[in-house]
Amino acid sequence: MIPALDRKLLRDLWRLRSMGLAIAVVVASGIALLVASLICFDSLETTRDRYYARHEFGDVFANAKRVPRWVAGSLDELPGVDRADTRVTAGVTLDVPGTSEPVNGRLISLPDSGRPVLNGVTLRSGRWPDPGRAEEAIVNERFAQGHGLELGDQVFAVINGRRQRLEIVGTALSPEYVYAIAGGDLLPDPTRFGVFWMARRHLATAFDMEGGFNDISLSLAEGAAPEPAIAELDRLLEPYGGLGAIPRAQQISHWYLQNEMTGLRGMALLMPMIFLGIAAFLLNVVLRRMVAVQREQIAVLKAIGYSNLRLGLHFTQWAVVVSVLGGILGIALGALMSAAMLNLYMEYFRFPDLIMRWSWGHILAALLACGAASVLGAAAAVKSVVRLPPAEAMRPAAPDTFRVSLLERLGLKRWLTQPLRMVLRNLSRRPARAAMSVIGIAFSASIMVLASAAMDSFEELMQLQFNVVQRQDVTVTFFEPEGRAAFYELASVPGVVEVEPLNGASARLRNGNRNRQVGIQALQPDARLQRVVGADYQPVRFDRTGLILSRKLADVLGVAPGDTLRVEALQGTRPERDMVVSATVDDLMGVSAYMEPAALRRFLSDSATMSGAALGIDPAARDSVYAALKGMPVVAGVALQHAMLESFETFVAENMNNTMAINLLFAMVIAFGVIYNTARISLSERSRELASMRVMGFTRAEIGVVLFGELAILTAAAIPVGLGLGYSMLAGMLAAYETELFRMPLVTEPGTFAWASAAVVVAMGLSAAVVRHKLNRLDLVEVLKTRE
Amino acid sequence: MNGNGSGANGGLAVSMRDVTKVYQMGEVEVHALRGVSVDLEVGGFLVLLGPSGSGKSTLLNILGGLDVPTSGQVLYRGQDLTRADEGELTRYRRRRVGFVFQFYNLIPSLNARENVELVTEISDDPLPAQEALDIVGLADRSSHFPSQMSGGEQQRVAIARAIAKRPDILLCDEPTGALDITTGIQVLEALERVNRDYGATTAIITHNAAIATIADRVVSLADGRISRQHVNETRAAASTIQW
Ligand SMILES: Nc1ncnc2c1ncn2[C@@H]1O[C@H](COP(=O)(O)OP(=O)(O)OP(=O)(O)O)[C@@H](O)[C@H]1O
Ligand SMILES: [Mg+2]
């Protein structure tokens, strides 16, 4: 036998099923997000850690110009170093059959005997190259897939102006290229960046590295800090053109992965909190109404001898059942979502195998979160149950006291019909509840704003970077700083209509013990293609002497305009000098120091500072320009504006729709949950009034004004709050995500606000339609027969 | 049935013919009305008596267009209410009918005058709200909210609200049910005045047979049928009622 009180519970659950369901769905959304992010995070972390450990991903990385082989022996002696590996690597342009554009490639040496120990390579298909054969290479899997390359296919690397044939004998993955992105790109494009591993001997010959190396990886002993090793390594490599060692944390593939995982963790915390907070609020409202309606029943139960504890529990149970139901639904949804999310991640991050991590801890955490939300939601109602003195409660509750609302006192009274006055007075009688409803609805608008404005900001970044900062069609980088000859060579290519030299030097900027290795860019003050433009769209004005820093770089180094920095060049004769920071610029991509070209030349006492060039080309001559670039020995890399824009557009198209759809769904769940419950509670509180009005001859539409007027006012108040909230959440998020690689400007398109507002209004319309259905079935006779 | 009561001035406001009402409660059928025929003369004052569950409220609700009969005919000035759709019934209530309930059913968020204005705002030719309150003797309480008034006062506001539209028909379901003698008499006096001065056809449900003396016609229901019906030769004044 089910105890009578529990039968009452079951009937209450059934009677209020639609409200319970609406709340359960809000809970489920929050829990789904929580569970999905936790599973994704743990799976990615486990997958990554196992992969890194099994294939001995390096802890410190460095490049130099050319280091003689005998130095390798002293690498093992560096502080904390467990193992050191040396390689020959080179950035080249590739000529891939079927693609007119020059493609960026990275050639990496494989040991002549055995397999690489650090940064181990996993063969995915085919076989290892035969060390005796110069042309054999294995390629990273994504690139092969992106170009549809099969085993036995050929591509050509342009080495010192000669086309060197590479025959693909295998495909592979490497922990160094989990996220394979070419330097300077924002988004990975599998067709634009290929990694090739080939026998060291042949690579060394091609790049004049016999008896030497130019790439160092170190692994550190358990618990050893990277800083001492980095400092010693830099000192060791200095005579050989060392370009500054970096810890794993700054390794580009690792950095992107880490960044993504930090975002996931943020999502695992923030979003579920919003959802569960809203669910707790809704439970609170519904339960309080339930207690108010059942006041006399509660009094009778107390009079019969039920304890406060038992009755308190009775009402808590309702909340717990609703949210645990939501929780279970959420866990199932979350598991499904995590699989889809991981699939998406695997598009961008390549691991040999994905280890799905699914722990009972997650389920427990999710259920605990549900429990906490339901207890929080039930607390106020339970308190009023406990406080209710039985004798008093047998009499009807003291009638609600109403006052003339503020708006009316301000003199608007003449304009308000009675139904409108009812709306205003109902709202002003429970300001706290109205405020909470407004906040709840506002959150749904803010989620929409956040999702869509993040895209706006990203688009703005792209637009600013590629239409205002970099207006060239092609950016060429050289192996070595070149002189005027390279400039004229580029200018003479048919189809090149504009050439702008990019002068720059690699340097380390030091302020006390903070330092960063950056490129110093020296742009012509009258540059037309590549310019220095801040987020305010204003080109930066150069002066004679000073150094202009990216604002992010100034922050990292802890300097402000007027301060002095130690600048150590990492090329040529490696001069060092103190320089004054004359200004900072809010640029958006990368961090750089900027100087006037003559000042840079003076500093380096070297005429060759042209590290690359920006080209404007005639679109009709594109293919012949590409062909010419592929054949130029000085060219190490070619970045194509249109390719970057295209990969950006694909990214937006692929992600925008998904992200928007998911966020729209979640925003609608919240908006619907809040508005529907608000409407249902109002309907329950007002049914007597509304029925009376129907009896007096008010039409359905007219009494609808009383109920839906309230919703409309709440929604109208919530929309600006939500837009503001979304905007500040975005500002917070962009500030938190500000990195040395890129910074997104805070912009929101008017369309975003329109979208978010429209979504909330639609949710209101939906809830109103459902409640309207109930309102139409209001039994006039029934309602009026009984005492409230 | 053409009894010409003293207060009636000829013509039928509403006439009901063989009205039945059956409520389907799952397997069980509840016969609330089993064939009732009643006429309300224009300007007449009818009292409905009968034990609990005899079908009084059901009858009144059908008269007022709140409910529709299972069979039979209800004619309002010749117009068949049983064929009216939802919108027509709403218009009928809006233009013609004033309702007063046992539990007042005032809107707690509106004060006395505003509760009356609720009706005057949607009526074509209403009494001024203040005048309606004056009729029920509450002119000086017009800015008080329901929670600040006694039960009798609230019921008189409800009457003011019902009469403000100058209804053709005033229907009251146990208007004094929740009140003591003195306040009950005040309420009845108000109803009497409205019937006399404004000519509203009035029907009142009551359990109190004493109240029947103020009517010009008394109909008793029992088990869904009319058990007795008589016409008072002279109507007593509400103030003379002994509870
Ligand atoms: N909605 C309903 N569903 C089922 N039966 C109903 C419904 N409304 C009324 N009844 C039944 O119809 C019969 C007549 O009810 P009605 O309310 O008309 O009685 P009444 O004479 O007004 O009684 P009272 O004096 O107690 O108010 C009763 O038996 C009642 O149980
Ligand atoms: Mg009744």
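**Figure 1. Contact between helices α3(B) and α5(B) in the predicted model.** From α3(B), the residues B:Ala112, B:Asn115, B:Val116 and B:Val119 meet B:Val157, B:Ala160 and B:Arg161 of α5(B). Sorted by class, this contact has five nonpolar residues, one polar and one charged.

**Figure 2. Geometry of the packing of α3(B) and α5(B).** Two packed helices are described by the angle and the distance between their axes. Helix α3 spans residues 112–120 of chain B and helix α5 spans residues 151–163 of chain B; they pack at an angle of about 25 degrees, and their axes lie 8 Å apart. Angles under 35 degrees count as roughly parallel, and α3(B) and α5(B) are therefore roughly parallel to each other. Their crossing is right-handed.

**Figure 3. The largest cavity and its lining in chain A.** The model has five cavities of 30 Å³ or more, and the largest has a volume of about 60 Å³. Its lining consists of A:Asn140, A:Glu141, A:Arg142, A:Ala172, A:Leu173, A:Ser174, A:Tyr177, A:Val178, A:Ala180 and A:Arg350. In chain A, α4 (141–147) and β8 (162–173) are the elements that give two or more residues to this lining. Five of the lining residues are nonpolar, two polar and three charged.

**Figure 4. The second largest cavity and its lining in chain B.** This cavity holds about 50 Å³ of space. Lining it are B:Asp39, B:Leu40, B:Glu41, B:Gly44, B:Phe45, B:Leu46, B:Thr201, B:Thr202, B:Asp216 and B:Arg217. By class, the lining has three nonpolar, three polar and four charged residues.

Note on methods: Residues numbered from 1 in each chain as written. Chains lettered and ligands numbered in written order. Predicted model: local features only at pLDDT ≥ 70, side-chain atom pairs only at ≥ 80, totals over all residues. Heavy atoms only, no water. Axes fitted to C-alpha atoms, helices over the stretch in contact; angles between N-to-C directions. Helix = DSSP H or I, 4+ residues; strand = E, 2+ residues; numbered from the N terminus. Parallel < 35°, antiparallel > 145°, perpendicular 65-115°, else oblique. Left-handed = near helix turned anticlockwise from the far one by under 90°. Contact = heavy atoms within 4.5 Å. Nonpolar A, V, L, I, M, F, W, Y, C, P; charged D, E, K, R; others polar. 1 Å grid on protein atoms, 1.4 Å probe; cavity = no way out; pocket = protein on both sides within 12 Å on 5 of 7 lines; lining within 4 Å. Points joined across faces, edges and corners; volume = space filled by probe spheres on them.
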